[in-house]
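Please work through the exercises below with the sequence and the coordinates open side by side, and try each task before reading its solution.

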Amino acid sequence: MSEKSVEELYNERLARVLAAAQCQQPDRIPVFGPFQKYPYQFAGVTFKDAMNDYALARAACHKFLDYFQPDVDFGPIFAYPAKAMELYGWKAFKWPGHGLDDDVMYQYVEGEYMTADEYDEFVYDPSGFMLGKWAPRQFKSMEGFAQTIPWRRFMWSGWMNLNFFWLTPEYQESLRAVQAGAEEAAKWWASQFQYWGEARAKGFPMAFAGWDWPPFDIIGDTLRGTRAILADMRRRPAKLHAALEVATKIFVEYGSGAAGAALPFCWVWVHKSTREFMSDAQFKEFYWPYLRRGLLALIEKGIIPVVYWEADWESRIEHIADMPAGKIVYHLSNTNFERAWDAMGGKICLMGNVPNIVLLGGTPDDVKGYCKRIIDYTKGTPGLIMDAAVMLDEARPENLKAMFDFTREYGVYR
Amino acid sequence: MREKLIAAIADINEAEAIQLAQAMLDAGEDPQAILEAASQAMTIVGNRFDQKEYYLPELIIAGEMMKAIGDMVKPKLHGQAAPAARLGKVVIGTVAGDIHDIGKDVVSFMLDVNGFEVHDLGVDVPAAKFVEKIREVRPQIVGMSGFLTLAFDQMKRTVQAIQDAGLRDQVKIMIGGAIMDEGAARYTGADAYGADAAAAVRLAKSWVA
């Protein structure tokens with residue numbers, strides 16, 4: 001067999017993943033995933049070091065890529081820039097060396113970063129609110145931006161008022177602080193770009209072209225917090241609806257960056273509407289219509305949304321199955337695969353859902369058994385991508401290798 | 001008025017519930033009786049959650065109403081009321097390294113309204129803290145919550161620490177969290193896993209029966 005060129009390998013991988021995503025038949029079932037902390041564990045690097053030393057993070061990801069050869073790769077994107085986060089003074093986050101142990105995943109600190117009486121202000125001018133209110137609450141470095149006069153007031157001769165805040169010591173201090181943060185973040189981005197080029201040179205496309213969050217979670221995660229937004233469905237439904245309209249526009253704007261990419265995957269991270277989080281009626285009123293509308297708008301732009309349905313979605317399958325065929329990928333974590341396949345198989349590409357506990361605590365045979373079970377269930381119908389159930393942090397390497405090797409071998413379409 | 005208060009809380013009529021509680025207090029009703037009515041309403045809320053009539057939004061608002069009424073009434077409480085008889089004691093927490101609290105809070109709430117004395121250690125709880133609290137309150141049940149996959153190993157370490165302290169035989173251990181399942185229960189050495197708060201209550205009741 002003649003060796004394939006890097007270009008051939010790149011095109012082959014791209015075609016394989018694109019076909020699967022559109023429920024067309026590739027040569028075999030693709031296998032890859034948003035492996036989060038795992039590449040560093042595999043390379044023997046603590047997550048703290050990976051977040052602080054960009055070259056070390058790249059090296060770890062190369063080691064992982066060379067050994068497992070996922071069809072498409074994420075690279076070091078999940079090793080967030082710790083130094084930039086320090087310089088920005090991100091108050092809403094904990095990470096290794098900053099409130100957490102050295103080898104633990106970073107975590108978001110929930111809070112009411114927008115109070116209940118600020119809905120109108122957000123709806124009227126989301127950018128003004130984000131700059132003048134939200135940013136100072138989230139980032140120590142941006143506390144001076146609370147002085148900002150809303151930019152909409154600069155019209156005509158309004159610009160003459162600029163000095164009232166630009167020259168305040170607080171604003172000046174914030175400008176200096178964000179410059180330092182941005183310079184560090186730019187180094188991190190340069191490292192990401194470098195890695196993408198290096199992976200490309202090995203024949204691997206990147207697995208993402210965009211990142212997004214459902215409209216409800218845009219409000220719930222970053223602005224109101226889980227408890228507050230859930231209560232708002234009952235306490236101030238009209239205000240919440242108005243904010244969700246705005247958030248849907250932000251969703252489309254955010255995800256649209258993926259348009260035109262070789263692999264136009266926009267990953268949509270779904271956070272808070274599973275099971276007990278809300279009733280079916282609340283899901284149908286506050287969550288799904290806005291998300292669905294946003295997803296359709298992205299699809300209209302030629303983007304393939306990959307919706308990461310964290311937790312168990314069995315109870316909502318009938319709603320989420322209502323999407324156009326071959327246009328979207330659903331990543332399943334704990335949702336029963338067979339039940340999901342019955343409702344959507346061959347129409348919506350399903351991705352997942354090898355349980356992480358099996359990858360950590362099981363044997364290679366356990367892993368193969370699970371992969372075989374779901375591959376067999378599809379009976380040769382395309383529209384399946386193999387991956388762990390949730391973003392991978394811990395696993396035994398032999399178990400993960402079994403997931404890759406078995407899928408590559410047993411997942412060939414004949 | 002007492003029945004109205006119970007209905008207002010149970011039906012999540014927030015403003016009405018707070019007004020009624022204030023009116024009862026102003027009318028000189030026994031503060032302890034107001035608290036008991038609110039607790040009774042919480043049990044109804046718990047049952048409705050269990051029946052999937054209520055979800056997290058209702059639970060959250062009910063919890064906040066209970067707190068508001070408690071804050072309103074407590075300054076007027078004279079002396080300690082006799083604690084109600086409880087089915088058993090539970091020590092619960094989200095394991096070290098993980099700061100997610102929502103699932104754990106729902107389980108705490110449901111255990112509480114179903115008659116258990118709940119000692120909630122909060123989030124990011126080290127194994128040693130579980131051990132210390134078990135020694136102190138002597139619970140029949142320990143609940144460990146975890147949302148991140150790091151919880152698999154941390155739960156395992158916590159169970160081991162309880163074992164090493166010689167306390168493993170005295171407690172039943174349950175785990176919960178979106179990614180947990182029977183396999184995780186076996187891996188961590190827990191006695192059982194519960195898929196949701198209702199399952200946690202069923203387990204707890206079966207263990208103290």
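The model is a predicted one, in which local features need pLDDT of at least 70 and side-chain atom pairs count only at pLDDT 80 or more, while totals for chains, interfaces and linings use all residues. Residues are numbered from 1 along each chain as its sequence is written, chains are lettered from A and ligands numbered from 1 in the order in which they are written, and side-chain values use heavy atoms, with hydrogens and water left out.

**Exercise 1. Determine the strand order of the open three-stranded sheet in chain A, and find its edge strands.**

Solution. Begin with the terms: strands are DSSP runs of E with at least two residues, helices are runs of H or I with at least four, and both are numbered from the N terminus; two strands pair if DSSP finds at least two bridges between them. Next, reading across the sheet gives the order β2-β1-β3 of chain A, with mixed pairing. The edge strands are therefore β2 (99-100) and β3 (107-108) of chain A, since each pairs on one side only. Finally, β1 (residues 93-96) of chain A runs parallel to β2(A) over two bridges, and Pro96(A) is placed opposite Leu100(A) of β2(A).

**Exercise 2. Describe the pairing and the burial of strand β6 of chain A.**

Solution. First, β5 (residues 265-270) of chain A pairs with β6(A) in the parallel sense over six bridges, and Trp267(A) has Val306(A) as its bridge partner in β6(A). Then consider burial, where buried means under 20% relative accessible area, exposed over 50% and partly exposed in between (1.4 Å probe, protein chains only). In β6 (residues 304-309) of chain A, six of six residues are buried. In a regular strand the side chains alternate between the two faces of the sheet. Accordingly, one side of β6(A) carries Ile304(A), Val306(A) and Tyr308(A), the other carries Pro305(A), Val307(A) and Trp309(A), and all of these are buried.

**Exercise 3. Is Arg168(B) buried or exposed, and which backbone oxygens does its side chain reach?**

Solution. Locate Arg168(B) in the loop between α7 and β4 (172-176) of chain B. Arg168(B) counts as buried because its relative accessibility is 13%. A polar contact is a pair of N or O atoms within 3.5 Å; within protein, one must be able to donate a hydrogen and the other to accept it, and residues adjacent in sequence count only if both atoms are side-chain atoms. The side chain of Arg168(B) reaches the backbone oxygen of Val171(B) at 3.0 Å, and a polar atom of that side chain lies 3.1 Å from the backbone oxygen of Gly189(B). Leaving aside residues up to four places away in sequence, Arg168(B) touches (heavy atoms within 4.5 Å) several residues, including Val159(B), Ile162(B) and Asp191(B).

**Exercise 4. Characterise the contact between chain B and chain A.**

Solution. Start with its extent: 33 residues of chain B and 30 residues of chain A take part. The side of chain B divides into 18 nonpolar, four polar and 11 charged residues, where Ala, Val, Leu, Ile, Met, Phe, Trp, Tyr, Cys and Pro count as nonpolar, Asp, Glu, Lys and Arg as charged, and the others, Gly among them, as polar. Last, count six salt bridges (a side-chain nitrogen of Lys or Arg within 4 Å of a carboxyl oxygen of Asp or Glu) between the two chains; the side chains of Glu58(B) and Arg234(A) form a salt bridge at 3.0 Å, N to O.
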